[in-house]
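Please consult the sequence and the structure alongside the text.

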Amino acid sequence: MTNIAIDKGITVPVALGERSYDVRIEAGLLARAGDLLAPIARGRTMPIVADENVAGHLATLQTSLDDAGVPHRAIVLPAGEGSKSWATLERLTDELLALGVERGDHVIALGGGVIGDLVGFATAILKRGCGFVQVPTTLLAQVDSSVGGKTGINARAGKNLIGAFHQPATVLIDPDVLDTLPARQVRAGYAEVVKYGLIDDPDFFAWCEANGAALLAGDAAARTYAIAHSVAAKARIVGEDEFETTGRRALLNLGHTFGHALEAEAGFSDRLLHGEAVAAGCALAFAFSAETGRCPPEDAARVAAHWRASGLPDGLAAAGIDAPPARLVEHMRHDKKMAAGTLPFLLSNGIGRTYLDRTVALDQVEAFLASAR
């Protein structure tokens with residue numbers, strides 16, 4: 001396990017050459033954000049894009065910016081996956097242009113993964129690229145989507161099909177903001193924490209089995225350790241494969257091919273949160289791996305048991321999905337990773353031994369899903 005001290009602020013570097021940046025993790029950081037962002041602002045107005053659910057955090061950030069003498073303007077958008085759309089992107093870019101945003105300016109994304117993805121994409125295309133800062137307020141965004149530069153919006157055909165790689169200038173993570181997060185959202189974010197153990201770190205998965213309940217109950221030390229460990233794991237993988245060209249970064253998609261199909265079936269709605277879909281998707285990936293002889297059945301059972309113990313779905317029924325398998329496979333055909341008619345799957349040879357498999361036939365997946373219903 002990574003040796004991470006949690007009694008003081010933690011800085012995790014994301015090493016990407018000229019696009020490198022730091023992820024700062026510290027309790028109470030939101031109230032000090034103004035001092036950290038003033039050098040980036042350079043006296044210019046920093047627009048803050050937030051959703052309706054983070055009004056209290058927005059007020060804290062605005063006070064911090066005021067205290068540091070950083071001009072700012074807030075743009076508040078509707079909460080939820082529905083904001084990752086062409087319509088909201090158009091509204092946001094129009095408002096940013098009306099504020100006079102220049103290429104050297106930075107926009108603050110304050111919120112969960114939806115806001116981070118949307119603001120990241122808007123700034124990637126605005127005037128052919130301006131800067132942005134991630135200030136994630138959900139566990140899922142803190143441990144996953146705020147780091148690595150994947151940005152985008154959804155399309156009718158599927159999730160995140162329109163987007164760009166665009167790295168933030170910095171990421172500021174305050175674990176204390178999770179105190180106001182609904183328990184369901186914390187559980188959904190926890191799915192992305194566990195994913196890092198399933199990919200290539202069996203010791204961390206064992207840590208999750210031992211400490212996940214405390215984390216979900218609000219234990220500050222467990223929460224901070226999990227965030228820092230997850231960010232360090234993602235930073236390492238992103239540093240090795242920023243644009244997902246070698247296959248290394250693709251490992252971060254464990255659970256997502258199955259999971260995105262479930263989300264599409266649920267209409268990208270709060271009926272099934274992204275992290276819940278990832279949990280179910282990981283369980284399905286392990287179950288498929290076990291059924292096809294790739295993975296020890298006891299490992300697949302262990303993964304499913306941990307999801308159940310954590311209040312997360314361990315398959316189709318628990319995720320509330322009863323769609324015909326053919327329809328789920330059709331959702332998969334629109335996956336952005338599809339290449340030359342073949343969809344690569346993240347499968348497993350056991351906990352901590354995830355790999356990319358390009359040999360899976362979709363009719364085999366359909367038959368598996370029929371048996372998994």
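## Domains, cores and annotated residues

Over residues 75-187 the chain is 34% helix and 28% strand, and 28 Å lie between the end C-alpha atoms. Helices (H or I, at least four residues) and strands (E, at least two) are DSSP runs, numbered from the N terminus. UniProt lists residues 75-187, in an unreviewed entry, as "domain: 3-dehydroquinate synthase N-terminal". UniProt positions are given in the numbering used here, feature names are shortened, and annotations may be inferred rather than shown by experiment.

The model is predicted: local features need pLDDT of at least 70, side-chain atom pairs count only at pLDDT 80 or more, and totals for chains, interfaces and linings use all residues. Residues are numbered from 1 along each chain as its sequence is written, and side-chain values use heavy atoms, with hydrogens and water left out.

The domain assignment divides the protein chain into domain 1 (10-178) and domain 2 (183-217 + 254-372); such bounds come from an automatic or database domain assignment. The centres of the two domains, taken over C-alpha atoms, are 28 Å apart. Their contact (heavy atoms within 4.5 Å) takes 12 residues from domain 1 and 17 residues from domain 2.

A nonpolar core is a set of buried Ala, Val, Leu, Ile, Met, Phe, Trp, Tyr and Cys residues joined through side-chain atoms within 4.5 Å. Buried means under 20% relative accessible area, exposed over 50%, and partly exposed in between (1.4 Å probe, protein chains only). The largest nonpolar core has 97 residues, and Val23, Leu198, Phe258 and Trp307 have the most contacts inside it. Helix α10 (residues 274-291) supplies the largest share of this core, 11 residues. Domain 1 (10-178) and domain 2 (183-217 + 254-372) both contribute residues, so this core lies between them. Not counting residues up to four places away in sequence, Val23 touches Ile10, Thr11, Val12, Val14, Val147, Val171, Ile173 and Val231. A second, separate core of 19 residues includes Ile75, Leu92, Val101 and Phe121.

Helix α2 (residues 55-67) has 13 residues and reaches 18 Å from its first C-alpha to its last, close to the 18 Å expected at 1.5 Å a residue; the expected span is 1.5 Å times one less than the number of residues. His57, Leu58, Leu61, Ser64 and Leu65 are buried in α2. Seen down the axis of α2, these buried residues fall within an arc of 125°, so they line one face of the helix; the arc is that of the directions from the helix axis to the C-beta atoms. Their cover includes α1 (33-41), β3 (46-51), β4 (72-77) and β5 (106-111). Ala55, Gly56 and Asp67 are exposed on the face of α2 turned away from its buried side. Just after α2, Gly69 has a positive phi of about 75°.

In an unreviewed entry, the UniProt annotation "binding site" covers Glu192, His256 and His274. Although spread over 83 residues of sequence, they cluster in space, with a largest C-alpha distance of 10.5 Å. Leaving aside neighbours within four places in sequence, Glu192 is in contact with Leu140, Val143, Asp144, His256, His274 and Val278.

| Residue | Location | Relative accessibility |
|---|---|---|
| Ser85 | loop between β4 and α3 (86-98) | 17% |
| Glu192 | helix α6 (residues 183-200) | 0% |
| His256 | helix α9 (residues 256-265) | 7% |

The C-alpha atoms of Ser85 and Gly152 are separated by 9.0 Å, with the two residues 67 residues apart along the chain.
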